[in-house]
Amino acid sequence: KEVDYSLCWLEYSKIDDEPYREKLSKVVKNIIAVGQDKFTQTAVEELKTAVTSLVGFEPEVSKEALCGDNPISGIIVGNVTDALIMKYISDDEIQKLDEEGYVIKSVKENPGLVVIGSKNGHGLVYGAFSFIKHIQLKRDVEEVHIIDNPKCKLRLLNHWDNMDGTVERGYAGRSIFFCDNKVTNSLGRIKDYARLLSSIGINGVVINNVNVNKNAIWLITPKYLGDLAKLADVFRQYGIKIYLSINFASPIYIGKLKTADPLDEDVIKWWKETAKTIYEYIPDFGGFLVKADSEFNPGPYKFGRDHADGANMLAEALAPYGGIVIWRCFVYNCTQDWRDTKTDRAKAAYDIFKPLDGKFAENVVLQVKYGPMDFQVREPVSPLFGGLERTNQLIELQITQEYTGQQIDLCYLATMWKEVLEFDTYAKGPESKVKYVVDGTLFNNKYSGFAGVSNVGSDKNWTGHWLAQANLYAFGMLAWDHSFTPEEIAREWCVRALTNDPFAVETIVSMLMRSWRVYEKYTAPLGIGWMVTPHTHYGPSVDGYEYSKWGTYHRADTKAIGIDRSVKSGTGFAGQYHRENAAMFESMETCPEELLLFFHRVPYDYVLKSGETLIQHIYNTHFEGAEEAEKLKEDWVKIKDYIRKDIYEDVLERFNRQIENAKEWRDVVNSYFYRKTGIPDKYGRKIY
Ligand code: GCU
């Protein structure tokens, strides 16, 4: 089928290793579909498509084993309760399977036979994609034995798509869901999107922006539900539910009520009726995502209620249908006066939500950004992880690179995410890592997992920068299983999506692996963040937010920079962590240096562990960062022959822009601090 966009890691170019193809052919020539349900059909269809392209012939699909009930070779796909599958999969193996898990097994006694089984349909689709990956990575099919379950229950993408077709913080073209205030009818592309997502284990998509206004308010009404149901049908086939962001004041806008007070009888009734209607159209609707009392969006505060009142009221409306409410903790005062040094945006979420711990209904999940601010290139982990002990929670990561280069600059985020997931909260003593909070095991939560702000749009490569596909891929992989390393994910993605030449693969993996640190070096230093151009958030503007009414400050003067967030002398933010971390962040000596300016106000001549002063460190990292950005491009040029021409050219153009951006950052930041302090670079490099 010809499409005008890439299929990313499902592109399936023919395997060029003849002996491997030979060996494989025996297994993949037959597909035996045991069940008749739609998931089995999806799994079979996917296997068929993949084999046809990867191996070069179309497999035979049959409903029964070819030679009686003892087939000679092929792939059997079916439920583990089915007799044919049970023949090959042991009880012990079945025991190990969760609801969405799958088993893939090459049957030793019957060479050439591979069984893919699951307890329910979703698992079969995951199993099919996993087997396809196995082939793409040229792993031995005769040795395959995988029992795999997702570690997290909710693996969601948040799209910040507006109904006019624009995407808030989108850097990859227009929305794939909406155009001209209508829901798309290009369902072919939606299907390919569902395939991509399902192949990395995503099981839910919130399709509209968290800032819900104008037409989007009406998405929860019959005006749009018919079209949304068609989208849901496509996603359902791949085990993905759709969710909607809602406006908390909808009862006023749509229902013409006088209030949206969550304790008002009419409001409660209105939401119940609304939920009922939604489920008539979409029986497996996932639920609502809510940004309330945040950045000018209405919420329960407007009516004198708290967040638990608001979330629980919606939860009650969705509960009869199995829906959930995902309530964001991104709540803070966005117009803090610069004279007010006591208010601290970093503290806001914990101050507001910690007292509500344990008060949320069981189908409410709080969605917490990984850091206490807003997706900066470096932030401490939000103290709500480990702070909330009796509340379901999701970690919110930003796949779209709002503050990390906007898919112009290369920034592989899995390295950062991994650090966040490995952070030990000490909530229940050592080994209370964030990864165990978000997989639900630490506090035994009913719902938990990952939400990622999508980096996808209508661009032919989906993500603007071809290499930014790796971020989408990595998000899915980590949400499925946080024990994967960023490096193995990068390598896998690269082989599946770009090239399998070993030199090229290792070059790209190395580029991806260092890219976050490179980006960090040429932008805001040591965790201070925010030195970006206001509103657009690309390119440097050291004082852009310092003198705006948005109230996000670094407070640089001629002597020092940084915010004292210690308990002893600062805003007290450090005290929101459990004892071990609170103590670590409290003192300048033990605070991790990459977060020094986040937690402390530091004089420019303070000597860091490297032996360099703070000011010299700022100069050094900015010179290095800009140089390393050039190195990224040099590496790319070296592998030209192994990359498809159009991809090579597109990426090259991005690197040229990144180099310019990095130089601009270097010069703006260095000159700013040089002029503020009057301290020259000890190596005499050019500073304006
Ligand atoms: C950031 C971003 C906004 C977005 C907000 C959110 O502040 O700049 O565009 O709406 O996050 O997460 O709600």
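# Getting to know the domains and the ligand site

Domain 1 and domain 2 together bury about 1,700 Å², with 58% of that on carbon and sulfur atoms; buried area is the accessible area (1.4 Å probe) that two parts lose on being put together, summed over both. This is a predicted model, where local features need pLDDT of at least 70 and side-chain atom pairs count only at pLDDT 80 or more, while totals for chains, interfaces and linings use all residues. Residues are numbered from 1 along each chain as its sequence is written, and side-chain values use heavy atoms, leaving out hydrogens and water.

Colleague: Which residues of domain 1 lose the most area to domain 2?

Modeller: Three residues together account for 38% of what the domain 1 side buries. They are Cys8, Trp9 and Tyr126.

Colleague: Glad to have that! Where does domain 2 lie in the chain?

Modeller: The bounds come from an automatic or database domain assignment. Domain 1 covers 8-148, and domain 3 is made of 522-563 + 601-677. Domain 2 covers 154-485.

Colleague: How many salt bridges are there between domain 1 and domain 2?

Modeller: A salt bridge here is a side-chain nitrogen of Lys or Arg within 4 Å of a carboxyl oxygen of Asp or Glu. The side chains of glutamate 46 and arginine 195 meet this way, at 2.8 Å from N to O. Between domain 1 and domain 2 the count is 3.

Colleague: Which helix gives the most to the side of domain 1 that touches domain 2?

Modeller: Helices (H or I, at least four residues) and strands (E, at least two) are DSSP runs, numbered from the N terminus. Both α2 (38-55) and α5 (121-136) supply at least two residues of that side. With 6 residues, the one giving the most is α2.

Colleague: Why does the salt bridge of glutamate 58 and lysine 48 tie together parts that are apart in sequence?

Modeller: The closest N and O atoms of glutamate 58 and lysine 48 are 3.7 Å apart. Lysine 48 sits in helix α2 and glutamate 58 in the loop between α2 and β2 (60-62), so the pair ties together parts separated in sequence by 10 residues.

Colleague: Now the ligand: how far is an oxygen atom of the ligand from an N or O atom in the side chain of glutamate 168?

Modeller: The ligand is surrounded by 14 residues (a heavy atom within 4 Å), and Glu168 is listed among the closest, along with Lys291, Arg328, Asp374 and Glu402. For aspartate 374, a polar side-chain atom lies 2.6 Å from a ligand oxygen. For glutamate 168 the distance is 2.3 Å.

Methods. A polar contact is a pair of N or O atoms within 3.5 Å; within protein, one must be able to donate a hydrogen and the other to accept it, and residues adjacent in sequence count only if both atoms are side-chain atoms.
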